[in-house]
Amino acid sequence: RDRRGLRLEPMNCKEIIAKAVEMGLWTPTGAKTPEQTLYSGIFREIKTCDEPRFKKSESRKGSFEYAK
């Protein structure tokens, strides 16, 4: 765990969204596929940024983890 109490193990997009809602960092907007939107945003950042904040997990398929 980090200093904010977040899990540092890999999480899939559904788990990331659930944690963000639980912590009050995001409010659901009623969109039908927020997990897919988040997945595409993270994946786009990994492919286009020199130093992305996330990386694909090698230990858990379909999950991401902090790159730093």
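Visitor: Which helix does Glu 45 lie in?
Guide: Glu 45 lies in helix H2. Helices (H or I, at least four residues) and strands (E, at least two) are DSSP runs, numbered from the N terminus. This is a predicted model, where local features need pLDDT of at least 70, side-chain atom pairs count only at pLDDT 80 or more, and totals for chains, interfaces and linings use all residues. Residues are numbered from 1 along each chain as its sequence is written, and side-chain values use heavy atoms, with hydrogens and water left out.

Visitor: Why is Glu 45 called buried?
Guide: Its relative accessible area is 14%. Buried means under 20%, exposed over 50%, and partly exposed in between (1.4 Å probe, protein chains only). So Glu 45 counts as buried.

Visitor: What makes the link between Glu 45 and Arg 53 a polar contact?
Guide: Their side chains are joined at 2.6 Å. A polar contact is a pair of N or O atoms within 3.5 Å; within protein, one must be able to donate a hydrogen and the other to accept it, and residues adjacent in sequence count only if both atoms are side-chain atoms. The 2.6 Å value therefore meets the distance limit.

Visitor: Why are Tyr 39 and Phe 43 called stacked?
Guide: Rings of Phe, Tyr and Trp (its six-membered ring) pair if their centres lie within 6.5 Å; planes under 30 degrees apart count as stacked, over 60 as edge-to-face and the rest as tilted. By this rule there are three aromatic pairs. In one of them, Tyr 39 and Phe 43 are 6.0 Å apart centre to centre, with 5 degrees between the planes.

Visitor: What makes Phe 54 and Tyr 66 a stacked pair?
Guide: Their centres are 5.9 Å apart, and 20 degrees lie between the planes. Phe 54 is in strand E1 (residues 54–56) and Tyr 66 in strand E2 (residues 64–66), so the pair ties together parts 12 residues apart in sequence.

Visitor: Which residues form one aromatic cluster?
Guide: Tyr 39, Phe 43 and Phe 64 do.
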